Amino acid sequence: MTRRFNFCAGPAALPQPVLEIARDDMLDWHGTGLSLMEMSHRSPEVVGVAQAAEQSLRRLLSIPDDYAVLFMQGGASTQFASVPLNLAADGGAVEYVNTGQWSKKAIAEAKRYADVNVVASSEDTNFSTIPAFTNWDVRSGSHYLHYTPNETIGGVEFFWTPDVAMPLVADMSSTILSRPIDISNFGVIYAGAQKNIGPAGLTLVIVRRDLLGQASDLCPAMLNWKVADENDSMYNTPPTFALYLAGLVFKWLEDQGGLPAMEILNRRKAEKLYAAIDSSDFYANPVELESRSLMNVPFTLADADLDKAFLQQAEAAGLLNLKGHRSVGGMRASIYNAVSEDAVDALISFMRDFEASNG
Ligand SMILES: Cc1ncc(COP(=O)(O)O)c(C=O)c1O
């Protein structure tokens, strides 16, 4: 069996040791004679797996006790609606920052439920920058301020946290667990699982408890954070296998030394890839230096006619899923936690060889 290097933006690479445990557990989970997938979500086995996953995540992120951890469904995209439905029941004022394609989707959805003000936008720089905080036009008294700390498509990341006098809501889909964060700065954090958490089908929501119980009457029970909290994230049948795999990923992260260790590794991986791009006239990354994402590295070739050959030859060299998002073109290497430094080294070496043959 040859495992190849996977740079997909999501669903993304999973740690091989996690896949091996899942393989070994598949037919007979811990001597029960059943796969975990075949067990009731109310069984002590599955409830135990869910509780262990939550505890592991709480340790990794140092989540304070006054925050609920919810495992929901529908992806981060469903949270685009859940956020206003849970926090702006009166359809009143909410603030959004527009730093890219995912911000735009969150804004479009929130407009259906609330009075959205876009406090700042980097669209004028083609989303290659983050608008300076001093220029944000925040209305006081709004229900919350929403932003996207890492834009998966544009490869733009915040390395600072907006300091506002209202609950801060963050779509952390593509940055969660890549480095330590201070949860107490946030009212709500949500993330689709399929990058740094586990397989698709699970959505993580971390919410400060005082923000529960304010949902609109029209908020579907399945999107209501209080309902999820009161039912231990089992109001309906949860995606049990995805939850089990996420638990294995959290355990793997703890075994690696937790998020401080991941940050060191992730910075090293990103720095060498950006250095390789910057040291050549053949490759380019458009993002301002201080906002370059640690997780998603878009880059272009000097001659776009070579894109196809680049992708074909990369694939032949065992480097998969480097095609940029359809909205921006070019290439994108997503280098999440489970993408090893060896994978990044192999990519850099391939890029040098490709430049030498085509530059
Ligand atoms: C930052 C960000 N937000 C939201 C989404 C949408 O997530 P989902 O597919 O889980 O709805 C993505 C998916 O890539 C993302 O990267």
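**Figure 1. Strand E2 and its cover.** In this predicted model, strand E2 spans residues 67-72 and is mostly covered. Of its six residues, five are buried.

**Figure 2. Strand E2 beside strand E10.** Strand E10 is made up of residues 203-208 and pairs with E2 in the antiparallel sense. Six bridges join E2 and E10. Two facing pairs can be picked out in this view. Ala68 stands opposite Val207 in E10, and Val69 stands opposite Ile206 in E10.

**Figure 3. The open sheet of seven strands.** Read across the sheet, the strands come in the order E2-E10-E9-E8-E5-E3-E4. The pairing in this sheet is mixed. E2 and strand E4 (115-121) each have a single partner strand and stand at the edges, so one side of each lacks a neighbour in the sheet. On average, neighbouring strands of this sheet are turned by 20° against each other, with direction ignored.

Figure 4. Helix H3 consists of residues 75-87. The strands that H3 lies across are E3 (93-98), E5 (145-147), E8 (168-171), E9 (188-192) and E10. H3 runs at about 155° to E9. Helix H4, residues 101-110, lies across E3, E4, E5 and E8. The angle between H4 and E3 is about 160°.

**Figure 5. The shell around the ligand.** The residues surrounding the ligand are Gly10, Gly75, Ala76, Ser77, Trp102, Thr148, Thr152, Asp171, Ser173, Ser174 and Gly192. By class, the shell holds two nonpolar residues, eight polar residues and one charged residue. Helix H3 gives the most to this shell, with three residues.

**Figure 6. Helix H7 packed with helix H9.** Helix H7 covers residues 258-278, and helix H9 covers residues 341-358. The two helices pack at an angle of about 0°, and their axes are 10 Å apart. H7 is therefore roughly parallel to H9, as angles under 35 degrees count as roughly parallel. On the H7 side, the contact is formed by Leu265, Arg268, Lys269, Lys272, Leu273 and Ala276. On the H9 side, these residues meet Glu341, Val344, Leu347, Ile348 and Met351. The contact of H7 with H9 has seven nonpolar and four charged residues, and no polar ones.

Definitions and conventions:
Residues are numbered from 1 along each chain as its sequence is written. This is a predicted model: local features need pLDDT of at least 70, side-chain atom pairs count only at pLDDT 80 or more; totals for chains, interfaces and linings use all residues. A residue is buried if 20 or more other C-beta atoms lie within 10 Å of its own, exposed if 12 or fewer, and partly exposed in between; C-beta atoms are placed from the backbone. Helices (H or I, at least four residues) and strands (E, at least two) are DSSP runs, numbered from the N terminus. Two strands pair if DSSP finds at least two bridges between them. A residue is near a molecule or strand if its C-beta atom, placed from the backbone, lies within 6 Å of it. Ala, Val, Leu, Ile, Met, Phe, Trp, Tyr, Cys and Pro count as nonpolar, Asp, Glu, Lys and Arg as charged, and the others, Gly among them, as polar. Axes are lines fitted to C-alpha atoms, for helices over the stretch in contact, and angles run from 0 to 180 degrees between N-to-C directions. Two residues are in contact if their C-beta atoms, placed from the backbone, lie within 7 Å. Angles under 35 degrees count as roughly parallel, over 145 as roughly antiparallel, 65 to 115 as roughly perpendicular and the rest as oblique.
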